[in-house]
There are 2 protein chains.
Amino acid sequence: MTFELTKEYLDRIQTAIDAGDETTLRADMDELYPADISGILYELDTTSARYLLSLLDKNVGAEILVNLDESIRDGFIASFTSEELAPFVEEMDSDDAVDLLNEQPVQLREEVIGLLNDREQARFIIDLLHYDEDVAGGLMQKELVKIQVDTNVNQCIEEIRQQAENVEKVYAVYVVDEAGKLLGFVSLKKIVLARKYAKIADIYEQDVVAVETYRPVTEVAEIMQKYDLDAVPVVNVQGRLLGRITIDDIVDVITEQAEDDIQAISGLSGEVEEDDTLWVRAKAQLPWLLAGAVGSLMAATVINGFQSELGKIAALAAFIPIIGSTGGNVGIQTASLIVQSLSDSSGLTYSLGQRLLRTLVLALVNGAVVGLLAGSYTLLIGEPRLFSVVGLSLLSVVLLASFMGTITPLLLNRIGINPAVASGPFITTANDLIGIGVYFLIAEYLLAEL
Amino acid sequence: MTFELTKEYLDRIQTAIDAGDETTLRADMDELYPADISGILYELDTTSARYLLSLLDKNVGAEILVNLDESIRDGFIASFTSEELAPFVEEMDSDDAVDLLNEQPVQLREEVIGLLNDREQARFIIDLLHYDEDVAGGLMQKELVKIQVDTNVNQCIEEIRQQAENVEKVYAVYVVDEAGKLLGFVSLKKIVLARKYAKIADIYEQDVVAVETYRPVTEVAEIMQKYDLDAVPVVNVQGRLLGRITIDDIVDVITEQAEDDIQAISGLSGEVEEDDTLWVRAKAQLPWLLAGAVGSLMAATVINGFQSELGKIAALAAFIPIIGSTGGNVGIQTASLIVQSLSDSSGLTYSLGQRLLRTLVLALVNGAVVGLLAGSYTLLIGEPRLFSVVGLSLLSVVLLASFMGTITPLLLNRIGINPAVASGPFITTANDLIGIGVYFLIAEYLLAEL
């Protein structure tokens, strides 16, 4: 029942575009949802995409533009004049309009706002432009249905009717006092079932979860998930109702945050995708690769400092990989668990002391197991004198990496950097480096012949 | 406006529980949302938690049980007899009831179903137990409002009234024919605004996105996100309406999948959290640590095979870390991008050939940059004869790791394993191992004195 874009379909569309066959194109697009048409635009060149868009209703076109991936939308919008863009912006929800305008040069943005016929929409947009995009105010939309507490159900239905065109999804009607302060809400279900002349004051729900404009969007996401909300009203510090955030925007926030975390862990900087240009991909990959390389070259300097030891016992070199990779792996595992617990604030969390104590005990177990495995290997290759060196080094490396894996994300989080970076290649390489230093120091200390 | 659990609050509750002070407890819990009470239960022992739960209404208790984290709920539910559990299950949405019962031993499950007074609920649950939990059928709930196409708005409102208690959130009323086949829907907003005697046949929306019971939940999540749906109807192959999936369940699916991916990348097996017991954490960490260790010991064997070469040029050992970590890092970066593109099926995707070609070009750039950096370092430490060995090895390692990072997730995805595993420590170590083999082979080949 859902649309799948094929090469054949795309060829057909391209042929119709080249032939200027408006009838076919209009008929074809009529059968698709805007989100599907967005998928088609990705595959067309700018001229073809603009032509296709020009054949559609402005409100469909607006939804298509909203659905486009930001990275692609920017380039596409750049080909529009403010006169061409304004009719689409007119049709968008205020939050989507602001998202789009925020990506544009200031001049284009101002011109488009000036060209809007719907002055309420213009005012909504100007209001929303004030907020950072990572707080509730930057995510909310101004479109909502609100009603005074001293009205009745019939008046409420009238209000919905007047707002119906503007507010695409009505989950609830918000109840406010004369000063616009949020008092509660009435669900749409309740309105359907209520008597026509029932007083709003008698039927509204006073127990309402609202968020302030300055709340970080990640916190809003958590609240909406925790309380299973479809929409959450946004208020200012005086409790005045300013807007609402709907669940579809929160789904986007959650998806983006997960992608950010995975990119941070994977050592990719910036929001990059597989189908970006190779130049964008290289720019995303190289910084962390080079940071990792510099770390490893520092390890190389350490190893070089022990050249005479290596000359005497060449087998020492064989354990460089396990020391390095174990440190890195333990560091990633520990940091990931801390990151996960930071982003999930249900229940009480451990104090730093408790965390470190638990980390210590766990590291002793993990370190002992890996140390014994590697120690046995030294016997296997006939280097029993390395048993304690390798075993003790691994135990120390696991301890250190667990400690670093616990501390680093907490520290990054404190100073406002995505803590998932602590699982990335730079930290991994740092663990690697420290591990190798420890290894050679233990070797030097324990082996009489060095 | 939202509740934050503090140590002081918890102490107060515990004291009231110990004193059996029902009045205080009831009053306190009355002010909280069920999701907040779930957070409190985490911190109580089983006896206290059960006592607190027994003071609350069964429908509040049911919601609390639904909100509990699965790992903790299992242990808690184990203390219930089927007679104690049934009244809670009675109050749950069918999908939540099935989730909970699926975790229980078969006998308890059957007994609870037998004890339900609401036979419709029992039938719903039995229906849903047939489905795997990772397909649409396993995620859907039976509770929904549906109406025959030949009725009018007034009859529709009556139907909503009758279902109101059962169906917590009504987004739309589904329209079916006499055989129960899904024809379309009417949004609640439309019902509010329609004339009482308007015919459903005249006002319903025929353009409806539905999913079949066998669709994987990840696909359902994608569809709901793409089309911004609050709820999606679930049908069987004949198009008969069987249930619906609401957006809050999809939010959970998305969150869980992101957590799974991050755990796979981080080398954690099973769903583990920071506050799990140390035994659970060790069990989650050790398998991958040991797998990584075995890989590194294989690398050790390779290095040992080149002992005489190392004896002659000890500086060779210094570059083991950069060879290993660069391979690992490039592998993770590449695999992560592939995993991301696999989970995002908008637009056309590349063919395997195109992917490999792009990977090749990118790897040449990345490899050349990292190779030149490390090559310069050989000059810095006065080992110019290692320039081409290290540079060429890094270029090869980046090429190989990019290739592996592209192929492995595609392969894992094909055979139904979470492709994010390809960014995990085992694959990273494999890249490490291959890199070191390549390094020593190139060294042997290029250096005349070996």
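**Tour of the A–B model**

Between chain A and chain B there are 4 salt bridges (a side-chain nitrogen of Lys or Arg within 4 Å of a carboxyl oxygen of Asp or Glu). This is a predicted model: local features need pLDDT of at least 70, side-chain atom pairs count only at pLDDT 80 or more, and totals for chains, interfaces and linings use all residues. Residues are numbered from 1 along each chain as its sequence is written, and side-chain values use heavy atoms, without hydrogens and water.

**Interface**

Select Lys226(B) and Asp36(A). They form a salt bridge, with the closest N and O atoms 2.7 Å apart.

Now show the whole contact (heavy atoms within 4.5 Å). Chain A supplies 120 residues and chain B 121 residues.

**Transmembrane spans, chain A**

The unreviewed UniProt entry annotates "transmembrane region" at several spans, including 288-307 and 386-412 of chain A; such annotations may be inferred rather than shown by experiment. Select 288-307: 95% helix, 0% strand, end C-alpha atoms 29 Å apart. Then 386-412: 96% helix, 0% strand, ends 37 Å apart by C-alpha.

**Sheet, chain B**

Select S2 (172-176): 5 bridges join S2 to S3, antiparallel. Finish at Val175(B), which stands opposite Gly184(B) in S3(B).

How values were computed:
Chains lettered and ligands numbered in written order. Helix = DSSP H or I, 4+ residues; strand = E, 2+ residues; numbered from the N terminus. Pairing = 2+ DSSP bridges.
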